[in-house]
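Trainee: I have a model open and want to learn how to read its features. Where do we begin?

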Amino acid sequence: MSPRPGFVLNVDKSYPGTLFWHGEGFRLEKLPEGSRVLYPPEAMPALRDPVAAIDQALDYPVGESEPLSALLRPGMKLTIAFDDVSLPLPPMEAPDARSLVIERVLERAARAGVEDVVLIAALALHRRMTESELRHALGDRVFDAFNPRGLLLQHDAEDPDGLTYLGKTAHGEDVEISRRAAESDLIVYVNINLVSMDGGHKSVATGLSSYKSLRHHHNVETMVHSRSFMDMHHSELHSSNWRMGRVIAESGIKIFQIETTLNTNTFPKAFSFLQKREWEWSLKDRVAFLSASKSLEVTPPWLARNIFSSIRSPYGLTGVNAGEVEAVHAGTLKNVYKQQLVQVEGQSDILTMGLPFVGPYNVNSIMNPILVYCLGLGYFFNMYKGQPLVREGGVLIMSHPTRPEFDPVFHPSYIDFWENVLTQTRDPKEIEARFERDFAEDPWYIHLYRTGHAYHGVHPFYMWYWGAHALEHLGAVIILGGDAKAARRLGFMAASTMNDALEMASQYVGVNPSITHLHSPPLVMAEVL
Amino acid sequence: MIAEKLAGKTFFVTGGTGFLGTALAERILAAIPDSKLVLLVRPGRRSSAMDRAWREVVNNDAFGPLKERLGNDFEPQMRARVSAVAGDVSKNALGLDEAGLAALAGADFVVHSAATVSFDSPLPSAVSVNLLGPSNVASAIKLACATAGIDPAGKHFISVSTSYVAGYRRGLAPERLLRETRFSPIPSIDDEVAFATELRSKMQSESREPEKLARFEKKARYDLGAAGGPLLAEKLEKIRQEWVDDRLVEIGRARAQSLGWPDAYTFTKALGEEMLARDHSDLTISIVRPSIIESSMIHPYAGWIKGFRMAEPIIVSYARGLLKEFPGVPEGILDVIPVDFVTSAILATAAAAAPEPGAIPVYQVASGSSNPLRYKRLVDLVRGWFQEHPVYDADGQPIQVPEWNFPGRGRVQRQLAGLSRNLDLVDAIARKLPLRGERAELVTDLDEKRQAVRRALSYVELYGSYAETEAIFDVTNLLGLAAQLEESDAEDFHLNPNLIDWDRFVTEIHLPSVVRHARIKTTPERKGASSRRESRQTEEILSDTFRIAVFDLENTVIASNVVDAFAWYATRDLSLGKKALFALALLAEGPNLMAVDRADRGDFLRTFYRRYSRADRAALEEGSNDLFNGYLLKKAFPKAIERIRRHRAHGHRTILITGALDFVVEPLAPLFDEVVACTMTEDARGRLTGNLDVAPPTGEARALLVEEFARAYGTTTQDAVAYADSTSDLPMLEAVGYPVAVNPEPKLLQIAKKRGWSVENWQRQQGHPPLLLPIGRSL
């Protein structure tokens with residue numbers, strides 16, 4: 001039986017209520033009759049033999065590329081770069097897709113007699129991964145083979161000796177990437193494509209680059225003109241990365257791109273109710289939902305966070321594409337859209353969404369208010385093709401506790417951003433002009449980024465820019481169940497119930513607004529006609 | 001008539017810087033044309049007699065109206081009319097030099113108003129000032145006149161005493177010398193003086209007995225904790241001095257009460273009068289005895305007051321709700337007199353015909369016999385006024401004033417003493433708890449309560465007898481003076497107590513003045529001056545002035561300690577179950593370790609670090625990054641790190657001084673220009689010996705380090721900032737111009753509050769489990 005496609009449900013009397021993510025917990029909300037709820041397609045069937053699929057992709061690449069084996073020769077310098085801990089979310093059950101692919105790549109390299117092989121985690125300005133995270137992504141065998149010999153690196157965008165400047169794009173954008181990668185005879189990039197933003201030229205041009213290079217597309221101007229950044233053909237972010245990708249190719253660097261796509265089989269058995277549509281919950285599902293949400297209410301947040309952080313998703317691999325970057329990515333996007341895209345007609349006055357406990361930047365950590373902002377206004381708001389789900393001047397209602405909690409190890413500069421930047425201004429342009437450089441060049445943040453596990457000092461700024469398009473577009477944002485003080489600091493309002501939230505929204509959109517709910521989990525992307 | 005009679009005369013006044021003296025100086029200069037004033041002033045440590053006279057008398061608010069009237073003429077006129085001579089009333093012949101004696105010889109009137117008004121002054125000082133003072137003035141007059149070759153009886157000496165020399169007397173107290181009225185015997189003045197003079201040295205030697213010193217040391221340790229030798233010694237010496245003074249007060253009060261006076265003040269004042277009459281009957285002397293002097297009714301302006309006097313602290317304590325009961329007889333008379341009535345009486349005495357030598361007329365300036373203010377009436381007025389004009393507490397809530405039941409003194413004393421004992425007990429317990437930062441406020445709040453109760457108790461002990469006094473002060477002589485006044489005197493020299501409208505005086509003049517002077521909160525505004533002061537201090541600290549900023553580590557930058565770091569390393573390679581066991585064992589050791597730490601920080605570090613003996617240094621260094629990112633950073637205070645970074649942004653040099661081991665703090669190094677940490681010696685195989693290279697930087701060593709760094713960076717300790725959390729850092733905090741107590745333990749918080757130091761309560765970032773165990777693991 002093939003999976004049912006996604007669809008738009010119109011709320012009527014018989015509708016049992018909608019499950020909202022609410023950080024480390026859930027809410028069951030009754031949306032007003034007539035509201036639309038976007039349900040994603042059901043999880044696509046997984047490839048029956050992933051290893052065979054990988055072999056197939058490596059040996060029969062797409063685009064203008066020879067098979068991987070033909071690109072490998074003794075005495076060459078080979079660098080295998082891979083996506084970091086920000087993908088996928090939550091982390092997948094072992095074996096991770098990356099470890100499967102890398103093992104197959106290494107096997108071919110060994111067969112071809114390649115001796116100089118280095119693995120690099122493509123961090124860009126993300127935090128360094130911990131040992132257990134690396135072990136999970138690569139598998140113990142690969143980790144133990146490479147790490148003790150110093151052949152497993154994490155990209156260091158602040159290493160003065162570790163970067164190579166490649167030149168400028170036609171638009172004057174600097175292109176600078178990892179020296180090891182630039183000096184390799186071949187870069188094999190191993191990606192996991194969870195959402196349509198990932199992959200393509202963004203993998204190397206962003207993942208292995210430096211602040212000098214990144215700031216050309218990670219800025220307010222670009223983000224406001226990426227509508228959305230999930231739709232690469234209307235995304236300035238991607239255009240810039242593609243220009244840089246071409247500069248990289250022109251400078252003679254050879255990339256063999258391997259992209260994998262996953263289905264939306266996100267939760268293990270205990271949380272199976274999260275995978276189902278509410279009216280199809282069995283008695284068991286209902287009991288599981290009730291006991292889970294009730295017990296979570298009395299669990300201290302840090303403990304609930306630990307519980308959720310231990311979730312490993314039983315994702316299935318839906319496709320592997322390898323070869324030339326652009327051709328590979330076209331195939332990848334097709335797969336991602338097939339899994340996530342739902343067509344919907346017209347915008348609405350209000351968009352509602354529930355925000356989960358994890359986003360790309362708080363794996364094994366705390367979702368602080370800035371990350372809540374970014375997940376809602378950056379990621380979920382941008383899960384559209386065509387036009388936003390909510391009209392200009394409309395209202396976004398997102399559900400999350402938004403506690404003013406921060407991780408001092410992973411997000412030290414976020415704390416300063418929260419205390420010293422957002423207290424002065426929330427305007428992305430002004431923030432960029434007044435504060436970005438100081439944070440980006442701060443030696444303490446650079447120290448923590450390079451030696452600890454901290455996101456780069458400039459990272460919270462990118463989070464703020466990520467939401468710039470939504471910020472410009474929306475009339476108001478209401479955080480359902482959010483901490484009132486934190487919401488105010490973000491420039492938003494907090495409501496304790498959905499009715500209150502709708503009441504507050506009525507000031508902006510009148511008393512009979514049209515409402516659309518972006519149903520998650522699992523991930524869904526709207527094509528708004 | 002008074003003004004004309006006294007015009008052009010010269011007044012020699014003692015005690016001019018006091019409440020009555022300043023009022024008198026103002027009246028003389030403002031109301032008597034061409035009068036001249038010579039003030040006897042004790043020179044200050046850094047200022048001359050004239051400087052003090054100018055600062056404390058002429059520049060007082062009392063001269064406001066005169067200043068306004070004279071405009072630009074004020075200063076030159078005052079310079080011409082006011083002079084000051086250095087001297088001390090407790091010294092024979094006032095300790096005057098030649099110029100002083102000449103000035104005294106040139107005076108027409110001598111007014112002695114100097115006294116130690118505090119009722120709880122130690123007996124020897126009360127004796128030397130109150131008892132010997134009047135006779136010292138008299139002998140100075142004789143010496144001055146002999147030097148100048150004039151007749152001493154030509155000067156009119158007016159000595160100010162107190163109505164309460166009557167002691168525990170019931171009924172009418174006449175305006176006559178005590179020898180003519182007293183029922184009980186007057187003790188031998190010479191014996192009392194001799195006894196009091198020896199008393200201090202006796203108490204001084206008693207306070208140096210070993211058992212006493214041991215007790216003082218215990219108390220010093222209780223107050224300061226492990227602050228190091230020199231500071232403890234300083235504190236001990238202070239406690240010893242206080243003990244001597246307390247004993248002297250106690251003995252003085254007991255002696256006075258045994259003879260029929262409520263306290264050493266009235267006792268020594270009474271004997272002072274007696275001695276004057278006994279030894280100086282050849283001089284022209286009048287005695288003026290005011291009762292309780294309070295704020296002025298008309299001159300220099302309504303409600304003028306200087307200093308905090310007897311009734312004010314009681315009224316303020318009552319308004320704050322601290323004083324729930326005060327003993328007193330409801331229908332008893334509280335004898336209060338506005339200060340301007342007293343000054344008028346003095347000047348009227350001067351203007352009246354001078355008495356014959358040896359006659360010594362007495363004028364009681366009191367209200368009780370002619371226009372009594374009943375105790376109950378006063379209490380009702382005060383209560384009513386504060387109900388209408390409540391005082392506000394720190395949270396902006398109005399304080400409800402209690403209703404007084406006029407209980408007996410014994411009951412109030414017992415109640416307060418019981419309360420005080422209970423609070424002492426709670427305090428002793430609370431101080432043993434490891435409270436910090438905002439929770440430490442509990443202890444300081446408690447301490448403030450304790451102080452308040454103690455104060456209330458001391459008011460009751462000291463002043464209770466004044467509210468219970470049953471003597472009524474005769475004012476026949478005073479009314480005689482009033483009768484001589486002419487109409488032209490009425491405005492400037494009112495002295496008839498019948499003119500006082502008590503309701504108006506209490507509610508419109510006195511209480512508003514008391515509240516103004518006490519600077520208590522009369523508006524419900526929440527954020528008080530303290531937080532404004534705090535942010536101003538922070539601004540000053542974070543200015544571009546070049547300076548060094550010194551940080552302690554434990555509980556100042558990171559909520560952790562050397563034990564944690566050790567536990568983390570020790571458990572790193574253990575299995576999970578063993579980790580828990582180890583942590584538990586260490587926890588069980590906690591109280592012992594804390595006790596050693598409290599006694600001496602250096603000893604504690606030396607002892608504890610032996611546990612690292614034979615550890616591999618390279619392995620410890622390798623683990624330090626994980627320790628930092630996996631544990632210490634989670635327990636760090638983001639505000640502290642931000643503060644360090646802000647200092648750097650202002651170009652300051654940042655310095656870390658810690659008892660932690662060098663490899664533990666290594667990952668913090670980029671924040672600091674200098675790091676002073678403990679280092680350990682190694683054996684031949686690169687293993688730690690468990691012994692420190694040099695003495696750990698604790699106590700006074702830190703103060704010395706701060707000085708060295710200040711010098712090395714070409715700045716001063718005055719400009720330096722130091723951040724620390726415990727009293728063991730006191731030497732360092734005291735060494736700098738800008739001490740900041742961070743999450744202070746109760747003892748340090750108390751000290752910081754008293755000295756007006758900045759206090760910061762920095763907290764860990766929210767989000768991690770509150771109890772983070774120091775269990776080692778890689779991230």
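Mentor: Begin with domains. The centres of domain 2 of chain B and domain 3 of chain B, taken over C-alpha atoms, are separated by 44 Å. Domain bounds come from an automatic or database domain assignment. This is a predicted model: local features need pLDDT of at least 70, side-chain atom pairs count only at pLDDT 80 or more, and totals for chains, interfaces and linings use all residues. Residues are numbered from 1 along each chain as its sequence is written, with chains lettered from A and ligands numbered from 1 in the order in which they are written.

Trainee: Which segments does the domain assignment of chain B give to domain 2 and domain 3?

Mentor: Domain 2 takes 303–332 + 370–470 + 496–526, and domain 3 takes 536–760.

Trainee: How do I read the packing of two helices?

Mentor: Two packed helices are described by the angle between their axes and the distance between the axes. Axes are lines fitted to C-alpha atoms, for helices over the stretch in contact, and angles run from 0 to 180 degrees between N-to-C directions. Helices are DSSP runs (H or I, at least four residues), numbered from the N terminus. In chain B, H7 (residues 123–131) and H12 (residues 229–258) pack at about 65 degrees, axes 7 Å apart. H7(B) brings B:Leu123, B:Pro124 and B:Ala126; H12(B) brings B:Leu248, B:Ile251, B:Gly252 and B:Arg255. Contact means C-beta atoms, placed from the backbone, within 7 Å.

Trainee: Which residues of H12(B) are buried?

Mentor: Buried means 20 or more other C-beta atoms within 10 Å of the residue's own, all placed from the backbone. Among them are B:Leu248, B:Gly252 and B:Arg253. Their cover includes H7, H10 (189–206) and H29 (730–735) of chain B.

Trainee: How many residues has the largest nonpolar core?

Mentor: A nonpolar core joins buried Ala, Val, Leu, Ile, Met, Phe, Trp, Tyr and Cys residues through C-beta atoms within 7 Å. The largest has 247 residues, with A:Ile478, B:Val550 and B:Ala722 making the most contacts inside it. B:Ala722 touches residues including B:Val550, B:Val706 and B:Met732, not counting residues up to four places away in sequence.

Trainee: And between the chains?

Mentor: 18 residues of chain A are in contact with 18 residues of chain B. H17(A) gives the most to chain A's side, with 4 residues.

Technical notes
Helices (H or I, at least four residues) and strands (E, at least two) are DSSP runs, numbered from the N terminus. Two residues are in contact if their C-beta atoms, placed from the backbone, lie within 7 Å. A residue is buried if 20 or more other C-beta atoms lie within 10 Å of its own, exposed if 12 or fewer, and partly exposed in between; C-beta atoms are placed from the backbone.
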